[in-house]
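Here are some notes to read alongside the model.

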Amino acid sequence: MAGMATLAAGALPRAALAATPNLAGTAGSRGLAFGSAFDREIFDDPAAAALLTAQCRIGAIENSLKFDWLRPAGPEADFTVADRLIEFGLKAGLRLRGTALIWNDWLPDWLKWTGVRERRAIMDRHIDEVLTHYAGRVASWDVVNEPFFPMHGREGGYRGGYWFDAMGPDYIATAFRRAAAADPAAELVLNEAFCEHDDETGLAIRPLLYDCVKRLKGDGVPIHAVGLQGHLKPLLPHDYGAFADWVAAVSELGVTVKITELDVDDRGLPADIAARDRIVAETLSAFLGPVLKVRSVNEVIAWQLSDRYSWYRTLPDYPPGQKARSHLFDDAMEPKPATFAVETAFGQSAAR
Ligand code: G3I
């Protein structure tokens, strides 16, 4: 079992570092699709908008399609910002993903005052309104995000929250069936976190997720793909080869698999930028190598392209003066070793 990714000095072809990355093109040459999360930063940052357009075929809306962003103060949805993002993405030629349609986390406070029956009606209405509104524009949805979190102590290891606590595990099948009825053309995805590592959480969630997908497929629930987020943590115990074997077993249940939120948690890594960048690159290579051998893995989506808009920078636990360098491009939207590590992994992957 690997520990922290080994620091193979000069791990990348020297020539690659001088080249201009072409992540979408290299992925596409192997039948893969590459993309990234983005959100309202693209309205005011032309460099971010240009990088997304140049390097991606897929765009995932990071936050603005989430329940708490669409309905922050009450049951009425405001699609204004999300509509602008969708319009940008379609003009940029991106295949668009919506995420966290139904998620037991990050829900607005007003939901807590709703009763059980009302919450089921709110969930049905949310799915109907959002998928109808974006039918033909958003091609793929994380219908349910992060169904499991054993630390919540719920029976079956499910993530607790307003939807689960009102409806039990059936909220998952209900959401997928409702989504299929609202937009029959949409790709419907079950998206999960924490599966990539051999820590207590990863070892607990992998069998739970596998059994859940097997049950859903057996019950004829319209689930087309599984999303594995891919927030890599090089300091955690991991065996990405064994993880890839598990991914292959999941796909044999009759789903494709996407890496939906790829980045590298660099908290605890050396402060030295060159060393940290090299570990980030090596971690991405160590992960994508075995995972991309699984032909049913058809998409890799980064969770933001640039460090400038890293969600890790909203977390409090970096040493003073140290900023996240978790992504493929730096604050100036320039490539890093991580960029070419990912492009090399795409180029060396099995053709789909
Ligand atoms: O920018 C506003 C700020 O103006 C306001 O004062 C503040 C008040 O809460 O909110 C700020 O927005 C926050 C936003 O991050 C930007 O920092 C939102 O509250 C906060 O909800 C949002 O967190 C997002 C988080 O999901 C919760 O939705 C992160 O951006 C986003 O990267 C993160 O992404 C999740 C995936 O959806 C699921 N997998 C894990 C991943 C990382 O947590």
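Where does the ligand sit? The points below start there.

1. The ligand sits in the largest pocket. A pocket is an open set of points, on a 1 Å grid over the protein atoms alone, where a 1.4 Å probe fits, with protein on both sides within 12 Å along at least five of seven lines; a molecule sits in one if more than half of its atoms lie within 2 Å of its grid points.

2. This is a predicted model, in which local features need pLDDT of at least 70 and side-chain atom pairs pLDDT 80 or more, while totals for chains, interfaces and linings use all residues. Residues are numbered from 1 along each chain, and side-chain values use heavy atoms, without hydrogens and water.

3. Around the ligand are 14 residues (a heavy atom within 4 Å), the closest being Glu 62, Asn 63, Lys 66, Trp 106 and Glu 261. By class, this shell holds 5 nonpolar, 5 polar and 4 charged residues.

4. For Gln 229, a polar side-chain atom is 3.0 Å from a nitrogen atom of the ligand.

5. Helix H13, a DSSP run (H or I, at least four residues), spans residues 337-347 and has 8 of its 11 residues buried, that is, under 20% relative accessible area with a 1.4 Å probe, protein chains only. Among them are Phe 340, Glu 343 and Phe 346.

6. Lys 336 lies in the loop between strand S10 (297-302) and H13. Lys 336 is buried, at 4% relative accessible area. A polar atom of the Lys 336 side chain is 3.2 Å from the backbone oxygen of Arg 325.

Note on methods: A polar contact is a pair of N or O atoms within 3.5 Å; within protein, one must be able to donate a hydrogen and the other to accept it, and residues adjacent in sequence count only if both atoms are side-chain atoms. On a 1 Å grid over the protein atoms alone, a cavity is a set of points where a 1.4 Å probe fits but cannot get out, and a pocket is an open set with protein on both sides within 12 Å along at least five of seven lines; lining residues have an atom within 4 Å of a point. Ala, Val, Leu, Ile, Met, Phe, Trp, Tyr, Cys and Pro count as nonpolar, Asp, Glu, Lys and Arg as charged, and the others, Gly among them, as polar. Buried means under 20% relative accessible area, exposed over 50%, partly exposed in between (1.4 Å probe, protein chains only). Helices (H or I, at least four residues) and strands (E, at least two) are DSSP runs, numbered from the N terminus.
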